[in-house]
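Here are some exercises to work through with the structure open beside you. Try each task on your own before you read its solution.

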Amino acid sequence: MSRPLTALLKHDKQSDKAVKHIAEKILTGNRISAKEALVLYQKAGLPLMGSLANFVREQKNGKNVYFIRNIHIEYTNKCVNHCAFCSFRSKTEKDAWEMTHEDILSCIRKSIGKGINEVHIVGGIHPERDLFFWLPVLKNIRELYPHLHIKAFTAAELDYIITRAGLEVDEGLELLKASGLNSIPGGGAEIFDDSIRARLFPTKISWKRWLGIHEAAHRKDIPSNATMLYGHVESIQNRIFHLEMLRNLQDKTGGFNAFIPLKYKSKNNTLKGLEETSLPEDLMIFALSRIFLDNFPHIKAYWPMLGKDTAMLAMDFGADDLDGTINDTTVIYSKAGAAEQNPMLGSDEILHLIKIHRKVAVERDGIYNPINKIEE
Ligand code: V47
């Protein structure tokens, strides 16, 4: 058991017996239950949660902070869904855009000289596009840039484009993989609760379908990420249930690479009366995720949404991945009011941030193989 933490627990007069028992389980490498996660969240307090999460983080990832050189391609803001939290969807014909096959290639061409290793392709759910629009796009990217990791389409997009093409999920995934798809991003999960989904995003795929698509992908050796949209109307019990469902699927398949807590941002969407979560609450979510998701290799603090400072702080509360250089290619969060209005981080700046936070920078590929480890 970790010495300083054992001492902290021994002299801790505030924590009750249940919290100490749960903390000991974590420090001896044992899994905690959903009930225990709730007790911890409600009673442990941020310093202890942070210490426990950091303990787990260091066991799994040492002091590494992963990052990747990447761009995002948000190919359209047209969307068949009307999700109350979304600030990205076009509201009128005038503010709608859609990228052609050539636009997408040109976007990659412009960034390829910056040494990118990954392209992340997500968008609204375009009413008229199906899988057969995408297969030649992926094939072209694969042929032109064989080294690029293609992370594309949330489960919500996959459900739509595959169904519209008249195919089953398994068939669609196989075709996508054969055309160059490497992995699936974590979006579209939102929060796993039927009544919240019915209220806030009634036309989006169900959470069971979201999990089913990720399971099908994992069975075809297509890894994926998972997200949770928190800080709107959900309870802490909803959050823990969400984490539990992800942990159960990961026990079955082992196909998730990273979990990404996504903090609800309130500008320009129909939920805008809500107050955003505080920094301590955000850090509690990171810590709880790291502690509870004992079978997830990585926890991502997505800096374009959190801001650089909070993302770096999250590195002491369980997170180990910053995502990437982005190169000002995403507007999903800037439209929703994120601190980073033109998200772009040069690799020099990333290295500097990681160094001043006394961590070890590890440039990675799309599946977390280290490309370059910088220890100073
Ligand atoms: O599913 C949309 C979220 C997600 C808002 O896998 C919002 O590496 C907060 O999943 N406030 C899409 N969140 C983006 C996503 C993602 C991003 C970066 C990396 C990866 C990865 C995945 O964005 C949506 C939704 O949960 N979102 N609007 C908002 N106002």
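Helices (H or I, at least four residues) and strands (E, at least two) are DSSP runs, numbered from the N terminus. This is a predicted model, in which local features need pLDDT of at least 70 and side-chain atom pairs count only at pLDDT 80 or more, while totals for chains, interfaces and linings use all residues. Residues are numbered from 1 along each chain as its sequence is written, and side-chain values use heavy atoms, with hydrogens and water left out.

**Exercise 1. Helix H6 and its surroundings**

Compare the span of H6 with the expected one, then find what covers its buried residues.

Solution. First, the length: H6 (residues 131-144) has 14 residues. The expected span of a helix is 1.5 Å times one less than its number of residues. From first C-alpha to last, H6 reaches 20 Å, close to the 20 Å expected.

Second, the start of the helix. Asp130 caps the N-terminal end of H6, with a side-chain oxygen 2.8 Å from the backbone nitrogen of Phe132.

Third, the covered side. The buried residues of H6 are Leu131, Trp134, Leu135, Val137, Leu138, Ile141 and Arg142. Their cover includes helices H5 (101-112), H7 (155-164) and H8 (169-179), together with strands E3 (118-122) and E4 (149-152).

Finally, turn to H5, whose twelve residues reach 17 Å, close to the 16 Å expected. Its buried residues include Ile104, Leu105 and Cys107, and the buried residues of H5 pack against E2, E3 and H6.

**Exercise 2. From E3 to E4**

Work out how E3 and E4 are joined and which way the chain crosses between them.

Solution. Two strands pair if DSSP finds at least two bridges between them. E3 and E4 run parallel and are joined by four bridges. A crossover is right-handed if, with the strands pointing away from the viewer, the path from the first strand over the helix to the second runs clockwise.

Now look at the two faces of E4. In a regular strand the side chains alternate between the two faces of the sheet. In E4, His149 and Lys151 lie on one side and Ile150 and Ala152 on the other, and all of them are buried.

**Exercise 3. Strand E6 and its neighbours**

Which strands are joined to E6 by bridges, and how many residues of E6 are buried?

Solution. Begin with E5 (residues 224-230), which pairs with E6 in the parallel sense over seven bridges. Ala226 stands opposite Phe259 in E6. From E5 the chain goes through helix H11 (residues 236-253) to E6, in a right-handed β-α-β crossover.

Then look at E7 (residues 298-299), which runs parallel to E6 and is joined to it by two bridges. Here Phe259 has Ile299 as its bridge partner. As for burial, eight of the eight residues of E6 (residues 256-263) are buried.

**Exercise 4. Two asparagines**

Describe the surroundings of Asn70 and of Asn30.

Solution. Asn70 belongs to strand E2 (residues 70-74) and, at 0% relative accessibility, is buried. Contact means heavy atoms within 4.5 Å. Leaving out residues up to four places away in sequence, Asn70 touches several residues, including Ile116, Glu118 and Asp323. A polar contact is a pair of N or O atoms within 3.5 Å; within protein, one must be able to donate a hydrogen and the other to accept it, and residues adjacent in sequence count only if both atoms are side-chain atoms. The side chains of Asn70 and Glu118 make one of 3.0 Å.

Asn30 lies in the loop between helix H2 (17-27) and helix H3 (34-43). Asn30 is partly exposed, with a relative accessible area of 43%. Its side chain makes a polar contact of 3.1 Å with that of Thr28.

Definitions and conventions
Buried means under 20% relative accessible area, exposed over 50%, partly exposed in between (1.4 Å probe, protein chains only).
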